Amino acid sequence: MTNEIDRVLLSQDDIRRAMTRISHEILEQNRASSDLVLVGVHTRGVHVARRLAANIERIEGFSPVVGTLDPRLWRDDPDVASGQPSLPSDIPNGVDGKPVVIVDDVLYTGRTIRAAMEALLDFGRASRIQLAVLVDRGHRELPIRPDFIGKNIPTARGERVLVRIAEIDGDDAVVLGYED
Amino acid sequence: MTNPMTTHGSGAGIELAHEIAAEEVETMLVPRQHLLDLDDLSVADITDLLDSAEGMLEIASRDNHKTPALRGKTIITMFFENSTRTRVSFEQAGKILGADVINVTASASSVSKGESLLNTVKTLQAMSIDALVVRHPHSGAPYFITNHTDASVVNAGDGTHAHPTQSLLDLFTVRNHVGDLVGKKVAIVGDVLYSRVARSDIIAFQKMGAEVVVSCPNTLLPDEWQWDSTLGSETGFAGLRLAANVDEAVDSADVVMALRIQQERQDSGHLPSLREYSDRWGINSKRMELANDGALLMHPGPMNEGVEIASDVAHGFQSVVEEQVRNGVAVRMAVLYTLCAPGKSARIGGGDASNGEETKS
């Protein structure tokens, strides 16, 4: 794809452990509410959310609802994503009065999450919105702070953090690359 | 992955793509601004638009379907021919995306006072618009307009030339039912000579790998085409099969599309009578039985029930006519969004959006 020298920051095991910890934290913060809705941001966030839901089911014995959200049309910088097709969003039974955890792979400027929160409003008034990310790479441009973080990875702007998820990429890894 | 609208020269519509490539090499680098025809879009471009329409369909079907995507943009629909579904569908698509949509019709504008197309476009251009959706009785009118405006021009049907968004919604509708179009048989029945829908659909379905068979009265075929033959590349429709009769066309088809027969055709002597047309070329339940199980019946509308399509099948279990209309909004949202959303810019740290890896956040 680009002429970058990749460096693995998180291995498959690291990712598994981070997700297990986040799952426990989500349960702790939400007192194992069975109304809990995990909303994955397309594309990789959806797979992270599904795995968190599977973990929660294993730990607590109930399976939280997993929704999907494509906040593309709510972005303030559509140029970033205009080359990609928009994907259907689906949150079964909506979010009215329920605690919601937005799940994404990488947190960077915060603009996707701002757009996701606005897009989420169309699905009802959540009792609370929290944010879980696998990697927080810094460089926030908006006052957004994640509630659950897999790993803080300080980066330079010219670097790229690529999250590889088995369901899409064939294997699990978090890799550091460079802009060409 | 390529952006469907950025890989080609601007406004290639009427001329062949390779001529453009030879003559206007520089414009190949300019982002595409217009959608005039499907003949210069690649399979990947079309697939991207259809994929995008999936997400748009979900948004359009929400209780609250307003988005801020094109907030602050102005879209003008300029219809020089009557239309219900196409005009309303573009208007609805623009409004769901948050744009301001203004409708101009020939009868209610200065066009009825004799203003020329050129002056009308210049007038609208002076009011800072972002997109012009044009329907015009003359083939090539949207292409002409691209030379006189900075706005994106979307062809909403021009003469007998093209109706690209209709074909995109037809592809989208079929894809949602049968998946991959490769090897599927599509029968198009009716006024092939005058129909811009037929022309665009033949191009679209062939491009996506389907086998297209047409059937129509000989008087409505272009002169050099003959029944019961397969066209060569010199016609521009290589591989298009002209069936000997409707039954042959419909036989084991996965998609049957009836085209509207226009009253004017009968008046001009192309048809002996509507009743004879209905007998020989009308789609009815008996003919639909020849098609494959699960075959779809389509019609671009408006339908003349009892002429080209029998009422029972038009509203029967195989009919996807209303679905076509619903999908029309989604497909037009995808087109307007792709054309009007701010162009891609080199945003530092933005990542490479096209491979979807790490742009978010």
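Predicted model: local features only at pLDDT ≥ 70, side-chain atom pairs only at ≥ 80, totals over all residues.
Contact between residues is taken here as heavy atoms within 4.5 Å.

In chain A, helix α1 spans residues 12-29 and helix α2 spans residues 44-60. The two pack with their axes 9 Å apart, at an angle of about 65°. Because angles of 65 to 115 degrees count as roughly perpendicular, α1(A) is described as roughly perpendicular to α2(A). The crossing of α1(A) past α2(A) is right-handed. On the α1(A) side, the contact is made by Met19(A), Thr20(A), Ile22(A), Ser23(A), His24(A), Ile26(A) and Leu27(A). These meet Val48(A), Arg51(A), Leu52(A), Asn55(A), Ile56(A), Ile59(A) and Glu60(A) of α2(A). By residue class, the contact of α1(A) with α2(A) comprises 8 nonpolar, 4 polar and 2 charged residues.

A cis peptide bond is found in chain A between His42(A) and Thr43(A), with omega at about 0°. Thr43(A) belongs to the loop that runs between β2 (37-41) and α2 of chain A.

The loop between β3 (65-69) and β4 (99-107) of chain A holds Arg72(A). Asn93(A) is also placed in the loop between β3 and β4 of chain A. Arg72(A) has a relative accessible area of 7%; buried means under 20%, and Arg72(A) is therefore classed as buried. Its side chain makes a polar contact of 2.9 Å with the side chain of Asp70(A). Asn93(A), by contrast, has a relative accessibility of 71% and so counts as exposed. The backbone of Asn93(A) has phi near 65°, a positive value in a residue other than glycine.

A further arginine of chain A, Arg145(A), lies in the loop between β5 (128-136) and β6 (148-152). Arg145(A) has a relative accessible area of 63% and is therefore exposed. Along the chain, Arg145(A) and Ala132(A) are 13 residues apart, and their C-alpha atoms are separated by 9.6 Å.

Chain B consists of 361 residues, of which 55% count as buried. Its secondary structure includes 13 helices and 10 strands. When contacts in chain B between residues at least 6 apart in sequence are considered, 73% of them join residues at least 24 apart.

In one, the peptide bond from Gly301(B) to Pro302(B) is cis, and omega is near -5°. Pro302(B) is located in the loop between β10 (296-298) and α12 (311-314) of chain B. In the other, Ser128(B) has phi near 45°, again a positive value in a residue other than glycine. Ser128(B) sits in the loop between α4 (117-125) and β3 (131-136) of chain B. With a relative accessibility of 58%, Ser128(B) counts as exposed, since the exposed class begins over 50%.

Terms used:
Residues numbered from 1 in each chain as written. Chains lettered and ligands numbered in written order. Heavy atoms only, no water. Helix = DSSP H or I, 4+ residues; strand = E, 2+ residues; numbered from the N terminus. Buried < 20%, exposed > 50% of the residue type's maximum accessible area, 1.4 Å probe, protein only. Polar contact = N/O pair within 3.5 Å; in protein donor to acceptor, adjacent residues only side chain to side chain. Axes fitted to C-alpha atoms, helices over the stretch in contact; angles between N-to-C directions. Parallel < 35°, antiparallel > 145°, perpendicular 65-115°, else oblique. Left-handed = near helix turned anticlockwise from the far one by under 90°. Nonpolar A, V, L, I, M, F, W, Y, C, P; charged D, E, K, R; others polar.
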